[in-house]
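Could you have a look at this one with me? I've jotted down some numbered points to go through while you turn the model around.

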Amino acid sequence: MNASIKVVLLNPPTLEEKERTPDIGLGYVAASLRSHGHDPIVLQQEDQYDMPAVVERVLGFEPELIGIKVFSRDANVVSKLIDMLREKAPDIPIVLGGPHPSAVKPDIMWKQFGSRVNYIMKGEAELSILRMVEAMQGGDDPALLEKVPGLIWMDDTGTLRDNPTYLEPDLDKISIPAWDLMDPRTYNGSFFFWMNRDVTAPVITSRGCPFLCTFCSQNIITGKQVRHRSIDAVLDEMEMLVNDYGVRHIDIVDDHFLLHKNYVRDLCSGILERNIKITWSCGGARLDGITADLIKLVEKSGCVAMAVGLESGTDRILKMIKKALTVERAKKHIDIVAKNTNIKIMGFFVLGFPSETEEEIEQTIEFARNLPIDIATFLNFTPFPGSPLFDEMMEKGWFTDEFWLDVKVTARTYTAANMVPPEVLDKLYRKAYRRFYLRPKKIAAFVIDGFAGRQSFRPWFRRILIKFSWRLSRRSFKTVAAAESQKPKKPQEELASAAR
Ligand code: B12
Ligand code: SF4
């Protein structure tokens, strides 16, 4: 056994939306380190964008290794963070991991970060982080570096090496996330912004996705082969979260939960048999195999909401992005859920794919409007590294390698010949939200759900009410202030305002 080291694992501060739940990826890496006697700390920086404070916080733990999770959208922030850490603590080794290093081509990753960090790792990291620490403690002996799955490194001959990644086939062999290092009670709710604020924890039941949607880069991390945890392992974790951390709601964050009918049936039956008192939701749900019986069981076991990737309202785009779905089938699936349950459905739609026309975007908006879904989330198409569409667009020269060092997922920062212009997309984006939400049916549903105190809408409703009353009070304050200013002033007030 090698000497124990203190490791700070963190995600960087972000300028975009704030996370609400613990990051299980970091939790898994931490659990693996601890299972081998190391001393990890998990820091999530979602509450601040104060770089010097983050640097101070990290260094305050006196780490012997700093591990940073990098989403592509955070590449630029991470770059700055590294420079600041290096300035204050040039000798503490830094390792990067997560989606961005996994997705970006190794030479580009090396060019962007290679000279400033010690290790860059692709893919799932439970095994590789342990091997990396061994290599570090062994003075970066090339024989040890070669054994680190997913490591991108420069060998003595100056050749850039890109070790193959390792996907553990038996997920039950992986320790569950280090929940005590990211206590769900200290986070503020669910991934679903419109969901409850009960104590929530994310759980994964499987890794990997067999689909090949061309806008998605999921399989660069978890692969195409689906690996399930055993039902008992998942139920044990759920029970532990309820009993030890007061968790009341679970977000299943698999890539495509609900796809494997037998697994879903067994899991739901298990929740009921063990009488685990939770509500749950799932993101990335694929409804391909859904039946009325199964969805009723899903609801009975506590499911209150699901997010479904519907992407487009035209078959041409669905085919182009290889979604393995048609508009008609998507509608049929959604109808099965809506007719048989009260599960809230959140549809995800993407606007502005390459070659998509204005008319096609309008069709997607109308498609969303006509579906029996509760929430629609419209996203501007963003080319993520590691996705086939990204590669295609790079080949066409629509952006450069440096693209992700200066991008926000919410804004189009490149120009491409066959895409609707950014200003038109922006207009359609706003129109999509207006058309979907500003209808008597939707407004009434929110009001009824809000007053009925249905938990899934309670926090959002409360927020709207607070905003509304704040606006009202400001308006009445302004009205009073305006009326006051119209009143004839007393002589001394006249003087005071003239002196201002
Ligand atoms: C659940 C999920 C979410 C959740 C939770 C995110 C989170 N904090 O983990 C929510 C809904 C919040 C979310 C949000 C977003 N997501 Co998301 N998400 C996923 C999803 C479906 C599963 C992630 C997961 O839990 N996997 C299971 C765990 C075990 O894996 P993991 O977190 O990746 O961690 C492993 C490795 O990455 C690695 N690792 C992780 N951290 C570290 C750190 C170090 C130091 C090391 C060495 C290794 C390492 O080891 C871990 C254990 O094996 C993935 C798809 C996928 N399969 O990866 C997309 C995915 C990661 N998301 C993606 C995106 C784009 C986003 C958003 C930017 C979406 C947006 N708003 O536009 C945001 C950004 C969130 C952020 N933190 O910045 C992309 C990332 C693409 C990219 N190159 O950046 C993915 C790949 C999907 C896609 N579209 O292709 N997401
Ligand atoms: S969008 Fe969903 S179904 Fe398609 S590849 Fe990505 S995770 Fe799989």
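1. Start with helix α10, residues 261–273: its 13 residues reach 18 Å from first C-alpha to last, close to the 18 Å expected at 1.5 Å a residue. That expected span is 1.5 Å times one less than the number of residues. Helices here are DSSP runs of H or I with at least four residues, strands are runs of E with at least two, and both are numbered from the N terminus.

2. A word on the source: this is a predicted model, where local features need pLDDT of at least 70, side-chain atom pairs count only at pLDDT 80 or more, and totals for chains, interfaces and linings use all residues. Residues are numbered from 1 along each chain as its sequence is written, while chains are lettered from A and ligands numbered from 1 in the order in which they are written.

3. Which residues of α10 are buried? They are Val264, Leu267, Cys268 and Ile271. Seen down the axis of α10, its buried residues fall within an arc of 95° (taken from the directions from the helix axis to the C-beta atoms), so they line one face of the helix. Asn262 and Glu273, on the other side, are exposed. "Buried" means 20 or more other C-beta atoms within 10 Å of the residue's own, "exposed" means 12 or fewer, and "partly exposed" is in between, with C-beta atoms placed from the backbone.

4. The cover over the buried residues of α10 includes α9 (231–245) and α11 (292–300).

5. Now find Ser301, in the loop between α11 and β13 (303–311). Ser301 counts as buried because it has 20 C-beta neighbours inside 10 Å. Leaving aside neighbours within four places in sequence, Ser301 is in contact (C-beta atoms, placed from the backbone, within 7 Å) with Cys268, Ile271 and Leu272. Cys268 and Ile271 are also among the buried residues of α10.

6. Where does ligand 1 lie? Domain 1 (6–162) and domain 2 (183–437) both give residues to its shell, so it lies between them; the bounds come from an automatic or database domain assignment. In the shell around ligand 1, α1 gives the most, with five residues.

7. Zooming out, the protein chain has 19 helices and 15 strands. Buried residues make up 40% of its 500 residues.

Technical notes
Two residues are in contact if their C-beta atoms, placed from the backbone, lie within 7 Å.
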